[in-house]
Amino acid sequence: MTQARRVRRPRIVLLTVLGSLLSLAAPPPPAAHASHGSHVVQNNWDVWAAVTGSDGMRIHDVKYKGKTVMNSGITIPQVRVLYPDDHVVYDHFEDQLLFVGIQKENLGTTGFRLKARYCFSNLIGQPSDCVPSNTTYDYLQRFDFYSDGQLWVWLEIHGPGLMNHGGEPTYRIWWRMDFDVTGAGGDYIQRWNAGTWQQPSLESYWQDDGNNSPSGYEWRMLDPSPAVHVDPNSVDDALFYGLLFHTGEGDTNAASEIYPTNYINGEGIQNTDNVGWYRADRDHCNNFTVCIPGPRLTLSNF
Ligand SMILES: [Ca+2]
Ligand SMILES: [Ca+2]
Ligand SMILES: [Ca+2]
Ligand SMILES: [Ca+2]
């Protein structure tokens, strides 16, 4: 990686909620995530969603067929944009972005989508028109839940970004995914390598080598039979970090730069409470072309 130059820009803290947050009939949200909770029970899933303030929309306290999939859930702690002229922009997800609401829509009868939109604004304190132009961008965060246990995790990136830095940027997005398979603890991390599922004993990260399991998976977390499989988007140039869970390691509103590599310190990751981080490097987000990085998750034996 090229040497990053810290570019600190004014932060927009104005939150404008257009349209209503989900407010489906529901019991009170879980205590640990008590603010801005939205609750959906549908298509075998039981899901809470909230806006974090710096890490995008978080889905949390997720169950499938009544069994826990994750507690603290999935967030995007950081997005980094790398330009050909060595200009690098990075910060927490919502820096300079205007949140414009969580929405839910059905995906036919087989699933549903939770999505949150964020628009870049050139004018501090002014609402964005959410129309990508030569200098703007617009993110749409999506979680697609399906009855059969698939969960597709996406980030739509619209607009070219700041094209005055030598051309098309590469978007580097981190998803923190705190799977808790049938509850925190007792979880194992495996990666598909050399034709079999291997079980690394210690924290590390692994590149998607394109040699995936027959079903297309590269990593999975399981306990010991119910499993969450991760199918990397083949154009993401993806990395997966397998880490031991610790409070404070990227779980809440991290407003400074994070490298999950810093959390790799020789701790064991088998039969314990783990966290997975998925990192996507996406090129070819050309002018006004949508690029949609993100992993596809599949639950089995729940
Ligand atoms: Ca477990
Ligand atoms: Ca592999
Ligand atoms: Ca560690
Ligand atoms: Ca966990």
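**Figure 1. Surroundings of L243 in the predicted model.** Leaving out residues up to four places away in sequence, L243 touches E203, P260, Y263, I264, I269, N274, V275 and W277. The model shown here and in the other figures is predicted. L243 belongs to strand β16, which covers residues 239–244. L243 is classed as buried because 24 C-beta neighbours lie inside 10 Å. One of its contacts is I264; these two residues stand 21 positions apart along the chain, and 6.8 Å separates their C-alpha atoms.

Figure 2. In soluble globular proteins, nonpolar side chains tend to be buried together. Beyond four places in sequence, Y278 is in contact with W175, M177, V230, A238, F240 and P295.

**Figure 3. Strand β10 and its two antiparallel partners.** Strand β10 spans residues 170–179 and is mostly covered, with nine of its ten residues buried. Strand β4, made up of residues 67–82, pairs with β10 in the antiparallel sense through nine bridges. Strand β17, residues 274–282, also runs antiparallel to β10, and seven bridges join the two. Y171 of β10 illustrates both pairings: V81 stands opposite Y171, and Y171 in turn stands opposite R282 of β17.

Figure 4. T182 is located in the loop between β10 and β11, the latter covering residues 188–193. Although T182 is not a glycine, its phi is positive, at about 50 degrees. Most residues other than glycine have a negative phi. T182 is partly exposed, since 19 other C-beta atoms lie within 10 Å; the cut-off for a buried residue is 20 or more.

**Figure 5. The hairpin of β1 and β2.** Strands β1 and β2 pair in the antiparallel sense over five bridges. H39 has W48 of β2 as its bridge partner. Two residues lie between the strands of this hairpin, and N43 takes a positive phi near 50 degrees. N44 is found in the loop between β1 (38–42) and β2 (45–51). The phi of N44 is likewise positive, at about 75 degrees, although N44 is not a glycine. N44 is partly exposed because 17 other C-beta atoms lie within 10 Å.

**Figure 6. S38 in strand β1.** S38 lies in strand β1. With 22 C-beta neighbours inside 10 Å, S38 counts as buried. I102 is 64 residues from S38 along the chain, yet the C-alpha atoms of the two are separated by 8.9 Å.

Figure 7. G111 is part of strand β7, which comprises residues 111–120. G111 counts as buried because it has 20 C-beta neighbours inside 10 Å, the number at which a residue is classed as buried. Apart from residues up to four places away in sequence, G111 touches N43, D144, F145, Y146 and S147. Of these, N43 is the residue with a positive phi in the hairpin of β1 and β2. D148 lies 37 residues from G111 along the chain, and their C-alpha atoms are separated by 8.8 Å.

**Figure 8. Confidence and overall make-up of the chain.** The protein chain has a mean pLDDT of 80, and 73% of its residues reach 70 or more. Over residues 1–35, pLDDT stays under 50. The model has 50 contacts beyond four places in sequence for that segment. Where pLDDT is low, the predicted coordinates should not be read in detail. The chain contains 18 strands and zero helices. Of its 302 residues, 41% count as buried. Among contacts between residues at least 6 apart in sequence, 65% join residues at least 24 apart.

How values were computed:
Residues are numbered from 1 along each chain as its sequence is written. Chains are lettered from A and ligands numbered from 1 in the order in which they are written. Two residues are in contact if their C-beta atoms, placed from the backbone, lie within 7 Å. pLDDT is the predictor's confidence in each residue, from 0 to 100. A residue is buried if 20 or more other C-beta atoms lie within 10 Å of its own, exposed if 12 or fewer, and partly exposed in between; C-beta atoms are placed from the backbone. Helices (H or I, at least four residues) and strands (E, at least two) are DSSP runs, numbered from the N terminus. Two strands pair if DSSP finds at least two bridges between them.
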